[in-house]
Amino acid sequence: MKLAVFDFDGTLFPKDTLPFLLKQWHAQKMSRRRFVVTCAGVGGMYLRYKLGIYTGVSREIIRRKAMQRFTPIFHRMTKTDVDAFFERSANLILKQLNADVVAEMKKTKAEGFHTVLLSGGYQRLMDFVGASLGFDTVIGTSLHYKNGRVDAHQTLDIVCGDDKASHLRDTFDAEAVDWKASIAYADSLSDLSILNLVGIPVAVNPDPELKVEAEQAGWRLLIC
């Protein structure tokens with residue numbers, strides 16, 4: 001089996017998922033109180049992430065903390081209500097995807113690759129996006145539920161940074177994957193573990209740090 005692995009934020013989706021979801025929460029007229037609290041808890045951290053102001057903390061740690069702080073917006077919601085929110089959001093996301101990356105996904109699938117959507121985003125959101133595009137496997141970050149409702153007090157197992165490679169290996173642990181024949185698409189230096197795992201890495205609109213790595217290694221650059 002050869003895999004075609006696609007990152008989401010910044011690669012397949014040219015935006016960042018969390019601020020997009022926050023805007024959708026407001027647009028869908030969900031709880032205003034939760035909207036305000038989440039803005040207060042995540043806004044400053046997200047700005048630091050975008051500006052690269054780490055103050056001794058890695059970008060990935062900031063991203064993990066932002067995700068953990070965002071999740072209480074769903075606390076005590078039923079799975080049905082959460083899924084409805086994610087499905088509505090996914091329908092809008094599908095209209096804003098990077099067309100060139102979607103074309104790459106369709107091309108690799110036609111060539112016999114097992115396509116994988118690999119993201120730190122919420123699993124159910126990725127499920128809706130992945131199903132619409134025809135991905136074979138979708139790997140994301142799952143919410144915790146207790147008695148049928150979201151339990152935001154439990155720490156998320158966020159699929160992020162170097163953990164992406166371990167999640168990918170664990171998912172296909174029982175499969176005979178030809179990693180050298182596999183391909184991966186990503187935009188950030190934080191995805192380096194995935195790009196180094198495969199024999200055909202592709203840097204999509206790479207951030208400055210990844211661009212340097214890609215050019216030194218002679219990897220393909222997809223600028224779109």
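Begin by selecting strand S2, which is mostly covered: nine of its nine residues are buried. Here, buried means under 20% relative accessible area, exposed means over 50%, and partly exposed lies in between, with a 1.4 Å probe and protein chains only. Helices (H or I, at least four residues) and strands (E, at least two) are DSSP runs, numbered from the N terminus. The model is predicted: local features need pLDDT of at least 70, side-chain atom pairs count only at pLDDT 80 or more, and totals for chains, interfaces and linings use all residues. Residues are numbered from 1 along each chain as its sequence is written, and side-chain values use heavy atoms, with hydrogens and water left out.

**The sheet around S2**

S1 and S2 (residues 114-122) are parallel and share five bridges; two strands pair if DSSP finds at least two bridges between them. Along this pairing, Leu3 is opposite His114, and Val5 has Val116 as its bridge partner.

Now move to S3, which pairs with S2 in the parallel sense over four bridges. Tyr122 stands opposite Thr141 of S3.

In which order do the strands of the whole sheet lie? Six strands form an open sheet in the order S3-S2-S1-S6-S7-S8, with parallel pairing. Its edges are S3 (137-141) and S8 (220-222), each of which pairs on one side only. From one strand to the next, the twist averages 20 degrees. Angles run from 0 to 180 degrees between N-to-C directions, and axes are lines fitted to C-alpha atoms, for helices over the stretch in contact.

Select helix H7 (residues 163-171) as well: H7 lies across S1, S2 and S3 and runs at about 135 degrees to S3.

Return to S1 and select its partner S6; the two are parallel over three bridges. Phe6 has Tyr185 in S6 as its bridge partner. Is S6 (residues 183-186) covered on one face or both? Both faces are covered: Ile183 and Tyr185 on one side, and Ala184 and Ala186 on the other, are all buried. In a regular strand, side chains alternate between the two faces of the sheet.

Continue to S7 (residues 200-204), which runs parallel to S6 and is joined to S6 by four bridges. Tyr185 is again involved, with Val202 of S7 as its bridge partner.

Select Thr108 in helix H5 (residues 99-110). Thr108 counts as buried because its relative accessible area is 3%. Leaving aside neighbours within four places in sequence, Thr108 is in contact (heavy atoms within 4.5 Å) with Ala4, Phe6, Phe113, Thr115, Ile183 and Tyr185. Thr108 and Val5 are 103 residues apart in sequence, yet their C-alpha atoms are 9.8 Å apart in space.

Arg220 is found in strand S8. With a relative accessible area of 38%, Arg220 is partly exposed. Not counting residues up to four places away in sequence, Arg220 touches Glu104, Tyr185, Pro201, Val202 and Ala203. Show the side chains of Arg220 and Glu104 to see a polar contact of 2.7 Å. A polar contact is a pair of N or O atoms within 3.5 Å; within protein, one must be able to donate a hydrogen and the other to accept it, and residues adjacent in sequence count only if both atoms are side-chain atoms.

**The nonpolar cores**

Which residues have the most contacts inside the largest nonpolar core? They are Phe8, Leu12, Phe70, Phe74, Phe86 and Tyr122, in a core of 47 residues. A nonpolar core is a set of buried Ala, Val, Leu, Ile, Met, Phe, Trp, Tyr and Cys residues joined through side-chain atoms within 4.5 Å. A second, separate core of 22 residues includes Val5, Val177, Trp179 and Val198.

**Last stop: the cysteines**

Select Cys39 and then Cys160. Cys39 is partly exposed, at 29% relative accessible area, whereas Cys160 is buried, at 5%. A search of the whole structure finds zero disulfides, a disulfide being a pair of cysteine sulfur atoms within 2.5 Å.
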